[in-house]
Structures are given as structure tokens and as C-alpha cells.
Amino acid sequence: MSRLGRWLWLLLFACLSSTASAAEYLELTDFTLIDGTDGAARTVQRMLIRDGRIVAIDPEPIPSAEPGSTWTRIDLQGTWVMPGLVDTHVHVARFPDAHAKAVTILQQALAGGVTLVRDLGGDARALAELERATGRAEIAGPDLVYSAMLGGPDIHAQGPTAQLASGRVAGEAPWARMVDANSDLRQILAEARGTGARNIKLYGDMTAPLVAAIVAESRRQQLLTTAHATVFPAAPQDLVEAGVGSLAHAAYLVWAGVDEVPADYQRRTSGPWEAIPADHPRLLALYRRMAERGVSLDATLYVYEAMQSYPGLPPMPWTRQASAWGAEATRLAHAAGVRVSTGTDWFEPRHDRELPHTHEELVLLVEKAGFTPAEAIVAGTRNGAIALGLGESHGTLELGKWADLVVLEADPLEDIRHTQQIRFTIRHGQRIEPMR
């Protein structure tokens with residue numbers, strides 16, 4: 001933050017202090033701060049949080065509390081502090097008992113250091129209630145941004161909405177909608193927005209003109225957009241040129257290298273990963289264009305790794321190819337300046353003592369995609385918040401932003417796996433203990 005910015009923030013804080021009565025202060029002392037802005041670390045003697053937002057970090061002066069306010073001080077004893085993790089690709093409300101299951105997943109996520117998530121396909125009836133309840137701290141969970149999912153007729157004919165809209169005709173729920181060239185997009189997107197969704201997910205069975213029309217109308221209605229990196233037959237290039245905000249699944253970028261993308265969405269599991277290298281000239285051009293247009297990459301490296309050995313799943317040889325190719329594409333996209341975020345697509349832990357798989361996505365960015373630990377942390381914090389349209393309030397630890405952070409027992413810049421050594425999490429200034 002600039003010197004002028006700091007001065008304006010302190011002026012605003014002074015004005016608030018003069019009119020507000022009791023406030024809740026949390027003072028953290030003696031720690032190493034990784035604020036998420038660039039991955040660097042610095043020693044901090046104290047950080048002050050007022051009503052959930054950061055109001056002072058060394059060398060800013062610590063203000064005095066108003067009469068009647070509470071003040072809690074925690075000596076962190078030389079531990080490490082980083083922003084709370086952001087997972088840009090979760091599905092917490094696609095289960096038969098959507099609300100109860102989602103509450104459990106979100107509680108575990110927050111205890112495991114994840115403070116912001118984007119749901120990319122679930123039952124909006126449950127998600128709306130979860131967003132309200134987590135926002136009011138009635139249940140412990142990350143901040144939640146959720147999506148309405150749009151797809152062509154073939155998508156809905158094969159039933160991907162069955163768990164997203166129980167009791168509704170497939171393709172007719174406002175949050176899981178069938179669209180084609182004749183659809184009234186203005187009405188459809190208005191209804192999607194009415195569910196509380198802030199993001200539109202383009203799923204599959206969509207042409208390039210339809211994609212362009214959806215993205216344009218979404219922008220007009222102030223909705224974010226995310227798409228699978230290929231939506232068959234629309235190619236990655238079509239999505240980028242249409243202005244989609246983020247692309248999901250790095251492995252699906254491979255279709256940028258073919259002359260014609262098939263119209264069959266089911267072909268996504270038979271990508272030409274052996275025939276088209278991740279550094280194919282068309283792919284290199286795509287990465288550059290993504291960087292130019294500010295399109296984020298929700299890489300989802302973890303899901304392909306997990307599908308190779310997840311208990312109860314049959315062998316899926318294609319996932320091994322997709323995993324290796326996607327990791328290399330992520331490395332090259334990052335080198336080209338593409339903003340990469342940490343999305344898992346398989347977020348929920350397998351048992352009640354396991355951390356959210358966002359930590360594994362960080363490990364894969366380092367070990368398979370060539371990121372430094374510092375770069376992986378930026379991907380898992382700042383970049384995710386930006387992709388969700390919340391970069392001004394989340395994702396880094398700076399004055400005026402929400403105090404969403406993780407206190408770690410070891411240095412994650414030395415070993416990215418140290419993000420898993422959690423002493424506790426703080427969300428909006430409230431301490432959350434880890435799972436034991």
C-alpha cells in the first residue's frame with residue numbers, strides 16, 4: 001500500500017473510531033509474515049485487527065482502543081503467518097444431503113486453513129443458506145462464492161444436474177440450466193443471479209458464438225465467468241477471446257492444438273495428450289493471450305492425481321496422461337504470465353482428520369509444475385482472491401483487508417508441505433482451532 005493509501009486508511013480508521021463504541025481487537029505479536037503480495041517474508045513485531053479487519057502492521061502505529069472495547073493479545077512466539085488459502089474449484093453441495101454434508105466439509109476446510117472457496121456446481125438452495133450462515137458466523141466455514149452452471153442440451157440429457165437440482169426437471173433449475181442458440185440469455189442469467197450466484201460456469205456442449213453471448217451478458221449483469229478449458233466444440237481460444245474470467249482444468253487446454261474440437265463433451269477424457277505437447281506453438285500462443293487478457297487458470301492438478309488411486313474408483317489410465325500434461329501446461333502458462341490459482345475439484349477430505357486437498361494442490365504446483373514455494377503461496381492466496389473478484393478485500397494480509405490467515409509451526413517458503421503444520425486459523429479476526 002502506498003504512503004498516501006496508508007494515510008487515507010488511518011484517517012478512515014480514526015473517523016470510525018470516533019463514532020463507534022465497543023470494538024473487538026486482536027493483537028498478534030512476534031511472527032514472520034508472508035503477506036501474499038509477492039511471496040517474500042519479513043519479521044513483524046505486531047499486527048492489530050479490529051472487528052475482523054487489519055488496521056496496523058509494523059511499522060504502522062498501534063491505535064488506542066475505544067472505551068468498552070475488548071483487546072486480546074496472542075504471542076505467536078516466532079511462528080509463521082500467511083494468508084488463508086483460497087480454493088477456486090470446489091463442489092460442497094452436490095450430495096444427497098447437500099446442506100448437512102456441506103457444513104461438515106466447510107468446517108473441516110476452515111480448520112485446515114482454507115478461508116475462501118468458489119463452488120463451481122452445486123445445489124444453490126443449500127449454497128445460498130451456507131453463504132448466509134458462514135457470512136454471519138452461524139457456522140464455521142470459509143467465505144463462499146458459488147456458481148450457476150450452464151450447459152448445452154447434451155449435457156443435461158446425460159444428467160449431470162441430477163445431484164445439483166433434486167426435484168427439478170434436468171436443465172430447468174435457475175442454477176443448473178440448459179442453454180442453446182435460441183435461449184433468452186438475459187432472462188436466464190437474471191434468474192441465475194437471483195439465486196445468489198455470483199459466478200457463471202460454462203460446462204459443455206457450447207459453440208463459440210454461444211460462449212461469446214453468455215460471457216457478454218454475464219458481464220452486463222456483473223457476473224463473473226468460469227469455463228472448463230474446452231467446452232466442446234468451443235475451443236480454449238474461443239473462451240479466451242470471448243473474455244471468460246477463468247479456465248478450469250489445465251489438462252483440457254490440450255484441445256487448443258487440434259484443427260477442430262469435437263462436439264462431443266464425453267471426449268474430454270480422451271484428449272490428445274501424447275500427440276500434442278504442452279509447448280506446441282498454438283499452446284504457447286494461447287498462454288500469452290491468456291496473460292494479455294487476464295484470464296486465470298484454475299489448474300486442478302490434484303484431481304487427476306487423486307483419480308489414479310482413489311479408493312473405490314476403477315482404473316482410469318487417461319488420468320495419468322492428463323496429470324502429466326496438465327502440470328507441464330501449468331508450468332508454461334505460469335512462465336508466460338498467466339495468473340494460476342489453486343483449485344482442487346476434489347476438495348472434501350476422505351476422513352475427518354484429513355486436511356483439505358488444497359494443500360496437496362500447492363505441493364503439486366511445486367513438485368510437478370515447477371513453482372517455487374513462494375509462487376505457490378501467491379497462487380493459493382492472492383491469485384485465487386483476484387479470480388473470485390475479491391482481491392480488494394481478501395487474499396493478502398494488508399491494511400484494510402479481512403484478517404484471514406493461517407499460523408504455521410514451520411516455514412512454508414523452505415518446504416511447501418509446511419502449510420500443513422497448522423497451529424490455528426484466523427477468519428475475520430476469529431480464531432479457529434485445527435482438527436485434532
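Student: How many aromatic pairs does a search of the whole structure find?
Tutor: The search finds seven aromatic pairs. Rings of Phe, Tyr and Trp (its six-membered ring) pair if their centres lie within 6.5 Å; planes under 30 degrees apart count as stacked, over 60 as edge-to-face and the rest as tilted. This is a predicted model, where local features need pLDDT of at least 70 and side-chain atom pairs count only at pLDDT 80 or more, while totals for chains, interfaces and linings use all residues. Residues are numbered from 1 along each chain as its sequence is written, and side-chain values use heavy atoms, with hydrogens and water left out.

Student: What is the geometry of tyrosine 203 and tyrosine 265?
Tutor: They form a tilted pair, 5.1 Å centre to centre with 40 degrees between the planes. Tyrosine 203 is in the loop between strand 10 and helix 6 (208-220), and tyrosine 265 is in the loop between strand 12 (246-248) and helix 8 (281-293), 62 residues apart. Helices (H or I, at least four residues) and strands (E, at least two) are DSSP runs, numbered from the N terminus.

Student: Buried or exposed, those two tyrosines?
Tutor: Both tyrosine 203 and tyrosine 265 are buried. Buried means under 20% relative accessible area, exposed over 50%, and partly exposed in between (1.4 Å probe, protein chains only).

Student: And phenylalanine 232 with tyrosine 265, what kind of pair is that?
Tutor: That pair is edge-to-face, at 5.9 Å centre to centre and 80 degrees between the planes. Phenylalanine 232 comes from the loop between strand 11 (224-228) and helix 7 (236-242), 33 residues apart from tyrosine 265. The relative accessible area is 0% for phenylalanine 232 and 3% for tyrosine 265.

Student: Which residues do ring pairs link into a cluster?
Tutor: Tyr203, Phe232, Trp255 and Tyr265.

Student: Switching to strand 7. How many of its residues are buried?
Tutor: Nine of the nine residues in strand 7 (residues 143-151) are buried. Asp143, Val145, Ser147, Met149 and Gly151 point one way, while Leu144, Tyr146, Ala148 and Leu150 point the other way.

Student: Which way does strand 6 run against strand 7, parallel or antiparallel?
Tutor: Strand 6 (residues 114-119) and strand 7 run parallel, joined by four bridges. Two strands pair if DSSP finds at least two bridges between them. Valine 117 has leucine 144 as its bridge partner in strand 7. Strand 10 (residues 199-202) is also parallel to strand 7, with four bridges, and there asparagine 199 partners serine 147. Strand 9 (residues 176-178) is joined to strand 7 by three bridges and runs parallel to strand 7.

Student: What about helix 5, which residues are buried?
Tutor: In helix 5 (residues 185-194), they are Leu185, Ile188, Leu189 and Ala192. They fall within an arc of 90 degrees seen down the axis, so they line one face of the helix. The arc is that of the directions from the helix axis to the C-beta atoms. Arg186 and Gly194, on the other side, are exposed.

Student: What covers that buried side?
Tutor: The cover includes strand 7, strand 9, strand 10 and helix 6, judged by contact, meaning heavy atoms within 4.5 Å.

Student: Last topic: which residues have the most contacts inside the largest nonpolar core?
Tutor: Leu247 and Tyr287, in a core of 108 residues. A nonpolar core is a set of buried Ala, Val, Leu, Ile, Met, Phe, Trp, Tyr and Cys residues joined through side-chain atoms within 4.5 Å. Helix 10 (residues 317-335) gives the most to this core, with seven residues.
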